[in-house]
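Dear colleague,

Please find below the structure that I am handing over to you. My notes on what was found in it follow directly after.

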Amino acid sequence: MVTDAAWLDYDKDGKQDLVITGEYMPVRIFHNDGKGKLEETTNNAGLQNTNGWWNRIAVADINNDGYSDIIAANHGLNSRFKATQQKPVCMYVNDFAGNGTTQQIVTCYNGDSAYPMLLRHDLVGVIPALKKRYLKYESYKDQTIEDIFTKEQLQTAVKLTATTMQSSVFINNKNGTFTGKALPTQAQLSPMYGITIQDFDKDGNADIIMGGNFYESKPEVGIYDASYGIFLKGDGKGNFTPLSAQQSGINIRGAVRDLSLVNVGRKQCLIVALNNAPVRIIDAEQNRF
């Protein structure tokens with residue numbers, strides 16, 4: 001599922017290229033050939049192993065080299081969903097119940113085995129045939145995905161993977177490739193959804209404000225509410241230092257879904273779009289950016 005897209009001229013050939021991303025997807029680059037065609041160059045750009053639960057991307061020159069870099073908001077690390085290249089979060093999609101509909105089973109690794117991230121009553125609720133096998137929670141608790149489903153069921157399933165959960169920046173190497181780097185820990189405390197980039201403190205370097213949270217998750221994984229917005233001060237070399245709320249003035253409560261800077265008269269304001277709450281307007285001049 002594509003969640004965001006942006007235009008950028010990443011190779012400085014004068015033509016706008018496309019970057020898109022989404023859930024269980026890498027950050028994908030499509031090169032503009034100037035003849036009306038966009039050709040995917042994700043692998044050549046070194047982004048083929050960046051599958052995540054990406055929510056938002058933004059484009060800016062964060063290291064002052066004249067080339068566009070990519071800033072990407074992900075699920076974060078403050079979660080039960082841990083992912084690496086060797087042990088990804090996976091989603092299996094198949095008609096496991098044999099009733100003509102599809103079911104989605106999400107798994108995570110514990111040790112060297114992958115286990116479904118759903119409770120027994122949820123599993124048998126959508127696949128009643130498993131109820132006799134797992135009459136009690138005790139019989140279900142140590143079951144891996146391979147124990148529950150046959151090899152044929154898993155082989156015929158659509159398998160989607162996420163290998164990184166960190167919100168990150170991807171630095172343009174000026175040769176058509178990118179190098180990924182995770183943002184500081186304070187930016188990983190919750191899923192991020194809003195990004196705005198500007199030189200807020202007027203030191204000549206791009207800074208980042210991010211916001212997030214997610215309140216609709218199931219009780220067994222908990223809600224994600226650890227973010228109050230984060231200000232990341234850039235050093236002009238692609239590195240960022242988080243500032244406290246006391247230093248930055250950023251203290252946004254709620255589930256942020258987008259951030260945008262607008263000029264209101266002579267003032268610049270930060271517009272914050274929140275789930276189930278009024279739009280919030282922050283006077284940037286009154287904050288300590």
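I begin with a hairpin, in which two residues join β2 to β3. Helices (H or I, at least four residues) and strands (E, at least two) are DSSP runs, numbered from the N terminus. The model is a predicted one: local features need pLDDT of at least 70 and side-chain atom pairs count only at pLDDT 80 or more, while totals for chains, interfaces and linings use all residues. Residues are numbered from 1 along each chain as its sequence is written, and side-chain values use heavy atoms, with hydrogens and water left out.

The hairpin strands

β2 and β3 pair in the antiparallel sense over three bridges, where two strands count as paired if DSSP finds at least two bridges between them. Within this pairing, V19 stands opposite I29 in β3. β3 (residues 28–32) also pairs with strand β4 (residues 38–40), again antiparallel and over three bridges; here E39 in β4 is the bridge partner of H31. Five residues lie between β3 and β4 in their hairpin, and G34 in the turn has a positive phi of about 80 degrees. Four of the five residues of β3 are buried, buried meaning under 20% relative accessible area, exposed over 50%, and partly exposed in between (1.4 Å probe, protein chains only).

The chain as a whole

The chain has five helices and 20 strands. Of its 289 residues, 48% are buried. Its C-alpha trace spans about 70 × 45 × 30 Å along the principal axes.

β19 (residues 267–274) pairs with β20 over four bridges, and C269 stands opposite D283 in β20.

Pockets

A pocket is an open set of points on a 1 Å grid over the protein atoms alone, where a 1.4 Å probe fits, with protein on both sides within 12 Å along at least five of seven lines; lining residues have an atom within 4 Å of a point. Grid points are joined across faces, edges and corners, and a volume is the space filled by probe spheres set on the points.

The largest pocket holds about 770 Å³ of space. It is lined by 23 residues, and W53, F81, M91, V106 and F214 are the closest to its centre. β2 (17–25) and β9 (103–110) are the elements that give two or more residues to this lining, and the largest share, three residues, comes from β9.

The second largest pocket has a volume of about 390 Å³. Among its 17 lining residues, R80, Y115, P116, L118 and K141 lie nearest the centre. At least two lining residues come from each of β9, β10 (113–116) and α2 (137–140); β9 gives the largest share here, three residues.

Cysteines

C90 counts as buried because its relative accessibility is 3%, and C108 is buried with a relative accessible area of 5%.

Yours sincerely
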